[in-house]
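Me: I would like to learn to read a model with a ligand in it. Can you take me through it feature by feature?

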Amino acid sequence: MTPMINPYNPLLEELFIPGIDTVEAITVSLPFVTPFSISSFTWTCKEALLIKITSGAFSGWGECVADPDPYYSPETTTSGLHIIKNFILPQLNSGMSFTEVEKMLKHIRGNMMAKAAVENALLDLIAKMKGVPLYKLFGLEKKKIMSGISIGIKESIPELIASVDEAVDRNYHRIKMKIKKGKDVEWVEAVRNKHPFLQLMVDANGDYTTDDIALLKELDNFNLLMIEQPLSYSDIYQHSKLQKEITTPLCLDESIHSLDDAVTAVELGSCRIINIKEGRVGGMLEALRIADYSQKHGIPVWSGGMDETGIGRAFNLHLQTASAFTIPGDTSETKRYFKEDIVTPPVELDDEGFIDIPDDPGIGATVLEESILKFELSREFLAGVI
Ligand code: OSB
Ligand code: MG
């Protein structure tokens, strides 16, 4: 049974949905500087569904982190729009408290990425109306955020080493390399030999099965921080068996969609670390609840990324002000992903590799509407639904 953990309850009772003038659903496609490959797919651009909720002079923004395809998650930008338009927005009313909003969202099963886009847009809007940065809305304190980089699967080992060298030069606090069957032990060994003391981890995006335990055990030789999602995207139980066989901590990503999933994973011993993507677990509030639960159970967490635009990335930054986030996440500088983003200022690393959160209200970053127009695939005005 899930313990009653909800440190943000008092806050939720005090947050109310304001009168909404318009809701816009905008699908954008931003070209990547370089294609990004994981074990299951290669993306050349980031297609994202943006939600813009306007009340008077204020607009809140949310980003549905799903891709247009079901190769990381079953959710897609199109399914997100369907759920938001036909199920979430028709049940949102001004004057509702956030407790009521969350109850309504719970009645809709799954679709956590769609829910996150709407909930986060509302939180950004409310924070802007109150004139406070998002972290303050949650009672958190500003701090410098650690950086990390996720290096995709490359054509050759020298190409991988070149990318790792570049990230080391940029002072990233932790480097993650993607692996898949046939591009694993030898590739990790090459990176480790070149960088014996690097904070290094791997992410398999579910490419292995329990038949591969002998191979996965070999990864214990490379002093990795963790192995992320070695087994199926939907599995929790088999990971508990694998964790008993290897010494490197396992970290779950794809298979955690809620606090309930995190409790299951921790109670089964399926992982020793959790990757919290706020966009994958229904938004900032559930992400903070998972962080709080994990901290109380001695499970370190970090903030994953979905190669988001600057809107989604801003939420990831604010999330990491919570003290549970003790491991550098997948938060990289903007220029590594995009030549041109849709917010300003871009995310940049200081000389020690840290990231500063801008001080403006809400997400802090200013959304550049004219840049959005350049990347826009479609826009629907959902005015009058609330
Ligand atoms: O598994 O963490 C993942 C990107 C797209 C889909 C899945 C993943 C990733 C990343 C990149 O690793 C994270 C980022 O830099 O935002
Ligand atoms: Mg991952």
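Reply: We start with conventions, then take the ligand, the sheet and the backbone. Residues are numbered from 1 along each chain as its sequence is written, and chains are lettered from A and ligands numbered from 1 in the order in which they are written. The model is predicted, so to speak of local features needs pLDDT of at least 70, side-chain atom pairs count only at pLDDT 80 or more, totals for chains, interfaces and linings use all residues, and side-chain values use heavy atoms, with hydrogens and water left out.

Me: Which residues come nearest to ligand 1?

Reply: A residue is near if one of its heavy atoms lies within 4 Å. Ligand 1 has 15 residues around it, and Ser150, Lys178, Asn205, Asp307 and Tyr337 come nearest. By class, the shell has eight charged, four nonpolar and three polar residues. Here Asp, Glu, Lys and Arg are charged; Ala, Val, Leu, Ile, Met, Phe, Trp, Tyr, Cys and Pro are nonpolar; the others, Gly among them, are polar.

Me: Which polar atoms lie by the oxygen atoms of ligand 1?

Reply: Look for N or O pairs within 3.5 Å. Lys178 places a polar side-chain atom 2.9 Å from a ligand oxygen. For Asn205, the side-chain distance is 2.8 Å. Met306 uses a polar backbone atom, at 3.4 Å. The protein covers 99% of the 390 Å² of accessible area that ligand 1 has on its own (Shrake-Rupley method, 1.4 Å probe).

Me: Where is the cis peptide bond?

Reply: Most peptide bonds are trans. Thr344 and Pro345 are joined by a cis bond, with omega about 0 degrees. Pro345 is in the loop between E11 (343-344) and E12 (366-367).

Note on methods. Polar contact = N/O pair within 3.5 Å; in protein donor to acceptor, adjacent residues only side chain to side chain. Helix = DSSP H or I, 4+ residues; strand = E, 2+ residues; numbered from the N terminus.
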